[in-house]
Amino acid sequence: TVGTQIATTLGIDGPVLAGGIGGDVYLDPKLTQAQRAKAEAEALRIYRAHPQVEAVFTKTELEKTPLPTGSPDKWTLIQRARASFDAQRSGDFVVLLKKGVSLLSKPGKGDVATHGSPWDYDRRVPILFWRPGMAPQTREEAVDTSNIMPTIAAMIGIPVDRSSIDGRCLAGIAGITCPSL
């Protein structure tokens, strides 16, 4: 493993790292400050050189990055990593794999994705509205889960005070009349 490789290179006892390729990676809390600095530098060098790694961001880099706003499909990789980052629980750095590289080392039948990458195909979950007589429709824009309730409320005719919710009714769905602004 990378942690064992770093331990050998730096002459440190123990695995040095917890976590693995793709996701949060933690430095062993028993390391001295000097060992931590050397281990992090070596880990960053190894991970950034790996052919399946797209990007690696340190805790410090993520803490300095403002929380992203706007449409998530327009976010940069560091913004996508920052959106999932929590200073108290996240790793000392995060490893983001290249598009199409799976965390599943031995995928089984039906395994496609893990929801563990920053790529849209792994982050998006289909939303389905259905009722008898409803025509099929595919929409490409990103939709927040907060939009489900106001859309269903409009579908069944329940008025909603929009100032009391975060979401919005999804316009353009046949048979649903969203309240006017």
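What radius of gyration does the chain have, and what would a compact globule of 181 residues have?

**View 1. Overall dimensions of the predicted chain.** The chain has a radius of gyration of 22 Å, whereas a compact globule of 181 residues would have one near 16 Å (taken over C-alpha atoms; the globule rule is 2.2 Å times the number of residues to the power 0.38). Its C-alpha trace spans about 70 × 40 × 25 Å along the principal axes. Buried residues (under 20% relative accessible area, 1.4 Å probe, protein chains only) make up 32% of the chain. This is a predicted model, in which local features need pLDDT of at least 70, side-chain atom pairs count only at pLDDT 80 or more, and totals for chains, interfaces and linings use all residues. Residues are numbered from 1 along each chain as its sequence is written, and side-chain values use heavy atoms, leaving out hydrogens and water.

**View 2. The open sheet of four strands.** Helices (DSSP runs of H or I, at least four residues) and strands (E, at least two) are numbered from the N terminus. The strands lie in the order β1-β2-β4-β3 with antiparallel pairing, where pairing requires at least two DSSP bridges. The edge strands β1 (17-19) and β3 (53-58) each pair on one side only.

**View 3. The pairing of β3 with β4.** Strand β4 (residues 93-97) joins β3 in the antiparallel sense over five bridges. Here A55 stands opposite L96 in β4.

**View 4. Helix α2 on the sheet.** Helix α2 (residues 33-49) packs on the sheet and touches β1, β2 (23-27), β3 and β4, a contact being heavy atoms within 4.5 Å. The direction of α2 makes about 160 degrees with that of β3 (axes are lines fitted to C-alpha atoms, for helices over the stretch in contact, and angles run from 0 to 180 degrees between N-to-C directions).

Definitions and conventions
Buried < 20%, exposed > 50% of the residue type's maximum accessible area, 1.4 Å probe, protein only.
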